[in-house]
Amino acid sequence: MTTTSAPVAPRDWRAPAAACTTVLLWASAFVSIRSAGDAYSPGALALGRLLTGALALGTLLVLRREGLPPRAAWPGIVWSGLLWFGLYMVVLNWGERQVDAGTAAMVVNIGPLLIALLGARMLGEALPSRLVAGMAVSFAGAVVVGLSMSGRPGAPVSGVALCVLAAAAYAAGVVTQKPALRHGSALQVTAFGCLVGTVACLPFAGTLVSEAARAPLSATLNMVYLGLFPTALAFTTWAYALARTTAGRMGATTYAVPALVVVLSWLLLDEVPAPLAVAGGLLCLAGVAVSRTREQTGQTRGNRARPVEGRRDDTERQAGERSR
């Protein structure tokens, strides 16, 4: 019996490339936030970042002539805009004023776990064993990175609570954004979500104006960078990738952020990482690699090689004719 291998479709690398772009830019945001945070308060920094991102995304929307998203996309856009673009950015900036970066990173990285659980509960997404295993490994790595970067044995309870709130807002924003991507494009959902977050942060407009008048140019440039790249570009590439995979799998991808923060802090801030931080970063990356792999089902394995019935029948018929 002759067997043949089923043709394997080439893998589309656009979604993984978009996810990698998001992770790299979000990691760079930690460096820029640290630089701009000395001159701008949490609300003003969030509003300046969102204003820059909304202007960039709005310009791109006009150039691409995409227009308004469908009505069915608006509930997800509004909720993700309020929770993720608005609440998350303000609360995280606020929390990092009370706890060090290591503690904040460790606490906020409960977000991917919450995304997977909320995605399973609200979106009916599965929790494959490899995803769960990868998230456990990455979470352990994030804890190691956080402990290695923490400069104090303890942290104010209010600061930790703010970081927990930021993680919850981040997770809820991702889960509410996912349904909107079924109706609107990644650019539409991101642009109008950013606009909703900007409107929600308008009460900080007066503070932004007064602080911008006193802020050094480097801090303002970092705020503009945050709006253009970690917000406008990275949130769009995130939405593009999220539309093509599950919320849980995308959330697990962001576990690579702490590892990249260690490297970027080393290169840009001359902060030499401790061996424990390097080990934790490698754990984060290993967990992401595990979570991104796909489990093989019995059906998939069986489809790799199957008999070609037509060829077998032809061979048997020819043998019968020769015998006659």
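**Close-up 1. Helix 3 and helix 10 are oblique to each other.** In this predicted model, helix 3 covers residues 74–95 and helix 10 covers residues 217–242. Helices here are DSSP runs of H or I with at least four residues, numbered from the N terminus. The two pack at an angle of about 125 degrees, and their axes lie 14 Å apart. Each axis is a line fitted to C-alpha atoms over the stretch in contact, and angles run from 0 to 180 degrees between N-to-C directions. The pair is called oblique because angles under 35 degrees count as roughly parallel, over 145 as roughly antiparallel, 65 to 115 as roughly perpendicular, and the rest as oblique. Helix 3 passes helix 10 in a right-handed crossing, a label for a near helix turned clockwise from the far one by less than a right angle, with anticlockwise being left-handed.

**Close-up 2. Helix 8 also packs with helix 10.** Here we meet helix 10 again, now with helix 8 (residues 186–200), at an angle of about 135 degrees and with axes 8 Å apart. That angle makes helix 8 oblique to helix 10. The crossing of helix 8 past helix 10 is right-handed.

**A note on reading these views.** Residues are numbered from 1 along each chain as its sequence is written. Because the model is predicted, local features need pLDDT of at least 70 and side-chain atom pairs count only at pLDDT 80 or more, while totals for chains, interfaces and linings use all residues; side-chain values use heavy atoms, leaving out hydrogens and water.

**Close-up 3. E66 and R64 form a salt bridge.** The structure holds 1 salt bridge, meaning a side-chain nitrogen of Lys or Arg within 4 Å of a carboxyl oxygen of Asp or Glu. The side chains of E66 and R64 meet at 2.9 Å, N to O. E66 counts as partly exposed at 22% relative accessibility, whereas R64 counts as exposed at 52%. These words have set limits: buried is under 20% relative accessible area, exposed is over 50%, and partly exposed is in between (1.4 Å probe, protein chains only).

**Close-up 4. R65 has a positive phi.** Look for R65 in the loop between helix 2 (42–64) and helix 3. The phi of R65 is near 55 degrees, and R65 is not a glycine. Most residues other than glycine have a negative phi. With a relative accessible area of 76%, R65 is exposed.

**Close-up 5. A nonpolar patch on the surface includes V263.** V263, W266, L267 and L268 make up this patch, which has about 440 Å² of accessible area together. Accessible areas come from the Shrake-Rupley method with a 1.4 Å probe, and for residues only the protein chains shown count as cover. Patch members have over 30% relative accessible area and no salt bridge; nonpolar side chains (Val, Leu, Ile, Met, Phe, Trp, Tyr) are joined within 5 Å, and like charges within 9 Å. V263 belongs to helix 12 (residues 256–268) and is partly exposed, at 39% relative accessible area.

**Close-up 6. L25 and A234 are 209 residues apart in sequence.** In space, their C-alpha atoms are 6.2 Å apart. L25 sits in helix 1 (residues 14–36) and is buried, with a relative accessible area of 12%.

**Close-up 7. E211 and L45 are 166 residues apart in sequence.** Their C-alpha atoms are 9.5 Å apart in space. E211 is part of helix 9 (residues 205–214) and counts as buried at 11% relative accessibility.

**Close-up 8. L276 and V144 are 132 residues apart along the chain.** A distance of 6.8 Å separates their C-alpha atoms. Helix 13 (residues 275–292) holds L276, which is partly exposed with a relative accessible area of 46%.
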